[in-house]
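Please read it with the sequence and the model at hand.

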Amino acid sequence: MTDHDNPIASTLSKRARARGVVPFEMVLERHGQAVLRLCVARLGPDRGEEAFQETLIAALRHYGELRDPAAVGGWLFSIVRHKIVDIARSRANTAIPSDE
């Protein structure tokens with residue numbers, strides 16, 4: 001489905017462009033692979049995929065609040081850094097089963 005087929009997406013895209021913000025899909029095209037590589041490098045494949053998905057959800061949820069469209073890369077990588085730390089902490093706090 002294209003923006004022409006979906007009036008809501010079309011309206012959101014027009015608003016984003018009017019503010020100088022590119023559609024979120026373009027942000028993913030530009031930065032998605034680097035974000036995924038960073039997540040996997042820091043956390044391994046399974047946890048890295050989890051961090052990547054959580055990063056995209058958080059970024060999409062707050063994309064409308066982006067103040068400086070030119071800083072979208074730095075903004076996205078600050079989200080990923082926080083997600084990596086959160087997931088690493090949750091792993092550290094997970095109890096390790098004993099052999100007893």
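The numbered points below go from the overall fold to the helices, the core and the aromatic residues.

1. The model is a predicted one. The chain holds four helices and zero strands, and its elements run α-α-α-α from the N terminus on.

2. Of the 100 residues in the chain, 33% are buried. The accessible surface comes to about 7300 Å², and carbon and sulfur atoms account for 54% of that area. Among contacts with a separation of 6 or more, 67% are between residues 24 or more positions apart.

3. Helix α4 covers residues 72-93, and the distance between its end C-alpha atoms can be checked against its length. At 1.5 Å a residue, its 22 residues should span 32 Å; the end C-alpha atoms are 32 Å apart, so the two values agree. The expected span is 1.5 Å times one less than the number of residues, because that is how the span is defined.

4. The buried residues of α4 are V72, G73, W75, L76, S78, I79, V80, K83, I84 and I87. They pack against α2 (24-43) and α3 (45-62). As background to such a pattern, an α-helix has 3.6 residues a turn, so residues three or four places apart point the same way.

5. The same check can be made on α3. Its 18 residues should span 26 Å at 1.5 Å a residue, and its end C-alpha atoms are 26 Å apart, which agrees. Buried in α3 are G48, A51, F52, T55, L56, A58 and A59; the cover over these residues includes α2 and α4.

6. Which residues have the most contacts inside the largest nonpolar core? They are Y63 and W75, in a core of 20 residues. At least two residues of this core come from each of α2, α3 and α4, and α4 gives the most, with seven residues. In general terms, nonpolar side chains tend to be buried together in soluble globular proteins.

7. The structure holds two aromatic pairs. In one of them, the ring centres of F24 and Y63 are 5.2 Å apart and the planes stand at 70°, so this pair is edge-to-face; the cut-off for that class is over 60 degrees. The pair links distant parts of the chain, since F24 is in helix α2 and Y63 is in the loop between α3 and α4, 39 residues apart. F24 has a relative accessibility of 9% and therefore counts as buried. Y63 is also buried, with a relative accessible area of 9%.

8. Y63 and W75 form an aromatic pair that is tilted, with 6.0 Å from centre to centre and 50° between the planes. Y63 lies in the loop between α3 and α4 and W75 in helix α4, so the pair ties together parts that are 12 residues apart in sequence. Both Y63 and W75 are buried.

9. Is H31 buried or exposed? H31, which has its place in helix α2, has a relative accessible area of 14% and is therefore buried, as the cut-off for buried is under 20%. With neighbours within four places in sequence left aside, H31 is in contact with V72, G73, L76 and F77.

Definitions and conventions: Residues are numbered from 1 along each chain as its sequence is written. This is a predicted model: local features need pLDDT of at least 70, side-chain atom pairs count only at pLDDT 80 or more; totals for chains, interfaces and linings use all residues. Side-chain values use heavy atoms; hydrogens and water are left out. Buried means under 20% relative accessible area, exposed over 50%, partly exposed in between (1.4 Å probe, protein chains only). Contact means heavy atoms within 4.5 Å. Rings of Phe, Tyr and Trp (its six-membered ring) pair if their centres lie within 6.5 Å; planes under 30 degrees apart count as stacked, over 60 as edge-to-face and the rest as tilted. A nonpolar core is a set of buried Ala, Val, Leu, Ile, Met, Phe, Trp, Tyr and Cys residues joined through side-chain atoms within 4.5 Å. Accessible areas come from the Shrake-Rupley method with a 1.4 Å probe; for residues, only the protein chains shown count as cover.
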